[in-house]
Every structure is written in C-alpha cells, then in structure tokens.
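Please look through the structure shown below with its pockets and helix packing in mind. The briefing that follows takes these topics in turn.

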Amino acid sequence: MHKFIKKSIIFFTPLAVWGIVILLIDPFNYFNIFNIIPKKLKIDNARSINLLLYQSIEFNNSPNEYLIIGDSRTDILPRDKIELISGNYYGSLCNNAAKLNEIIDLVYMANEINKLKQVGIGINFNMFNEYGYADRVSDIKNILSNPLKYIYGRNTLQACYYILRSAFFEQDVISDPPMAKEQFWKWILEIKATHWYGRYKFPIKLLKDLKGLDTYCFENDITLTFVIMPHNREFHDRLVEFGLEEDEQKFKSSMGKLKATVVDYDYDNDITRFKRNFDDPIHYNSEIANLIVNEIWGNNLIIGKKL
C-alpha cells in the first residue's frame with residue numbers, strides 16, 4: 001500500500017506542478033485567473049501558434065452577438081474599424097488555412113455558446129473544393145469543455161515555451177516567411193496555386209452544407225454576410241491555367257442563390273489588378289482591408305459587388 005502511494009505521488013507530482021505552471025502562465029487565457037504574463041507576449045506567441053484556439057477561448061470567455069469567421073485573409077480585417085463604423089464589437093473566429101466545412105462548424109459552435117445576431121464570413125473559391133477538408137473544430141470543442149485537454153495539450157506546452165523564451169530572451173515566434181517578398185510571391189504562385197487548384201472536384205456535399213447553414217441562419221434570425229476575398233490577378237491566372245473558370249462561375253452562381261448577402265471582390269477590378277494592393281498574391285494589405293470594411297459595414301459598395 002505504501003509503495004502504491006509513493007509511486008502515485010511520484011507520478012502525479014509533476015502533473016500537478018505543470019498544472020500550476022499553466023494556471024500561472026495560461027498562454028491562451030483559458031482560466032483568466034492570474035495576469036503575470038503581459039497580454040502582448042501571449043498575442044505575439046500563443047496567438048501565432050494557434051489562432052483559432054486563442055480566439056475561440058476569447059469568444060467563449062467573452063461571448064457576443066457579432067462575429068467574423070474565416071481564414072488568415074479574414075483575420076486581416078480591422079475589427080476596431082468595424083466597431084467604429086457599425087457601433088458593434090465583433091468577435092473573431094479565424095483559422096490559418098481554414099476549410100469551408102470548419103467555417104460552417106464554427107458558426108454552429110458559436111451560436112451554441114451565445115445567440116448570434118450578425119455573422120460575416122470570408123470565403124474564396126479555393127475553399128470550395130471536395131478535397132479541401134479538415135476538422136480542427138472538434139479539437140477546439142473538446143478543449144473548451146475539458147480543462148485537462150487544455151492544460152496537457154501540445155499547443156499549450158508549445159505556447160508556454162515560446163512565451164517564456166520571449167520573456168527571458170526577447171525571441172517571439174517567427175511568423176514571417178523565411179524568404180524575400182518577391183521570392184515568397186513566386187512561391188505562392190507556384191506551390192500554393194498548385195496545391196489549391198491542381199486537384200479539384202466540385203463539392204456537392206459542401207454546397208449542401210453551405211445551403212443548410214444559410215437556412216439555419218435565416219430561421220434563427222442571424223444576419224449572414226459572405227465576402228469573397230480578393231486575390232491578385234496573377235494568382236487568378238493560375239486558376240485559369242488549371243481550367244477551373246467554369247467551376248469558379250458555378251461557385252459564384254451558387255453563392256448568389258443563397259438568402260445571405262454575398263459580396264464579391266475577387267474579379268477583375270482596381271484591387272485585383274495591382275500588385276501594390278497585396279502583401280502576397282492571396283493576402284491583401286491593410287489599406288484594402290480598410291476599404292473592404294468601409295464598403296461592407298458602411299453599406300457603401302463601390303468595388304465590391306453583390307451576387
């Protein structure tokens with residue numbers, strides 16, 4: 001019996017110590033008990049490691065009725081400006097390389113946490129692909145409902161390491177591409193375009209799920225707006241090279257038949273024509289982000305067009 005107790009103490013003590021460490025550092029603000037780590041360190045490190053986890057915990061801790069959802073292209077939109085124009089604070093559930101099925105799941109998850117009024121979703125044709133599937137939302141749900149999965153999770157461990165490294169050695173997570181801008185531009189055109197467009201199949205089930213979300217929002221009085229995010233013309237040329245113009249038109253035609261508002265920025269216009277409007281071929285710069293916010297939330301469409 002004594003041996004068992006001794007072994008149990010030896011086994012559980014490190015786990016208990018680690019639990020205390022997580023309570024103190026709390027890289028994703030899960031518990032929000034102690035504030036010994038500056039918020040900027042968490043944003044620069046934990047948020048960079050897992051954007052969706054960081055924002056999901058933030059939304060779960062402070063839920064609200066207004067939300068934007070999408071991938072890194074949507075995350076560029078300045079929420080402070082959206083609040084200034086609309087008068088409403090918008091939460092955010094964005095994920096790097098988010099898939100459309102994940103975005104759909106996030107709307108349902110968020111509405112379970114708190115009744116939604118308005119949701120803005122960033123989307124693009126590249127997401128509308130049967131082969132574009134992932135399921136990171138299930139992991140998020142598990143973490144939100146089980147503190148132990150947070151405390152002993154890989155992302156939490158990694159975030160703690162980088163936060164402490166940053167605190168002591170001023171070395172944050174490196175999120176910039178490891179190459180010059182022009183080189184990275186060419187890499188996106190070659191590698192990313194091939195990854196997105198080289199293997200494509202029209203997603204019948206995904207379209208059905210999208211229509212289901214549209215109906216769900218309509219029946220639950222959730223104002224839903226889709227924004228088709230712009231790509232630089234050079235990147236769209238790659239879509240053409242892969243012979244997907246007809247599929248892109250089918251995508252936009254399907255979007256136009258939804259009850260939701262759909263605003264398209266990804267066509268030949270003063271944004272997509274010019275390289276200066278983009279940080280890379282698929283990420284518009286802050287100036288364009290402000291323009292999109294002014295048009296969408298200011299109800300003043302100039303370049304964006306309703307489908």
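How do the residues of the lining of the largest pocket divide into nonpolar, polar and charged? They divide into 16 nonpolar, 11 polar and 11 charged, where Ala, Val, Leu, Ile, Met, Phe, Trp, Tyr, Cys and Pro count as nonpolar, Asp, Glu, Lys and Arg as charged, and the others, Gly among them, as polar. This is a predicted model, in which local features need pLDDT of at least 70 and side-chain atom pairs count only at pLDDT 80 or more, whereas totals for chains, interfaces and linings use all residues. Residues are numbered from 1 along each chain as its sequence is written, and side-chain values use heavy atoms, with hydrogens and water left out.

**Largest pocket**
- About 1,200 Å³ of space lies in the largest pocket (a pocket is an open set of points on a 1 Å grid over the protein atoms alone, where a 1.4 Å probe fits, with protein on both sides within 12 Å along at least five of seven lines, and lining residues have an atom within 4 Å of a point; the volume is the space filled by probe spheres set on the points, which are joined across faces, edges and corners).
- Of the 38 residues that line the largest pocket, Ser 72, Asn 96, Ala 97, Asp 280 and His 283 lie nearest its centre.
- Helix α10 gives the most to this lining, with 7 residues (helices are DSSP runs of H or I with at least four residues, strands are runs of E with at least two, and both are numbered from the N terminus).

**Second largest pocket**
- The second largest pocket has a volume of about 330 Å³, and among its 16 lining residues Thr 225, Thr 261, Ile 296, Trp 297 and Asn 299 lie nearest its centre.
- Its lining divides into 7 nonpolar, 7 polar and 2 charged residues.

**Packing of α10 and α12**
- Helix α10 packs with helix α12 (residues 233–241) at an angle of about 35°, with their axes 10 Å apart (axes are lines fitted to C-alpha atoms over the stretch in contact, and angles run from 0 to 180 degrees between N-to-C directions).
- By class, the contact of α10 with α12 has 8 nonpolar, 1 polar and 4 charged residues, where contact means heavy atoms within 4.5 Å.

**Lys 192**
- Lys 192 is found in helix α10 (residues 181–197), and is one of the α10 residues that meet α12.
- Lys 192 counts as partly exposed because its relative accessible area is 23%, which lies between the limits for buried (under 20%) and exposed (over 50%), with a 1.4 Å probe and protein chains only.
- Leaving aside residues up to four places away in sequence, Lys 192 touches Trp 187, Phe 235 and Ile 282.
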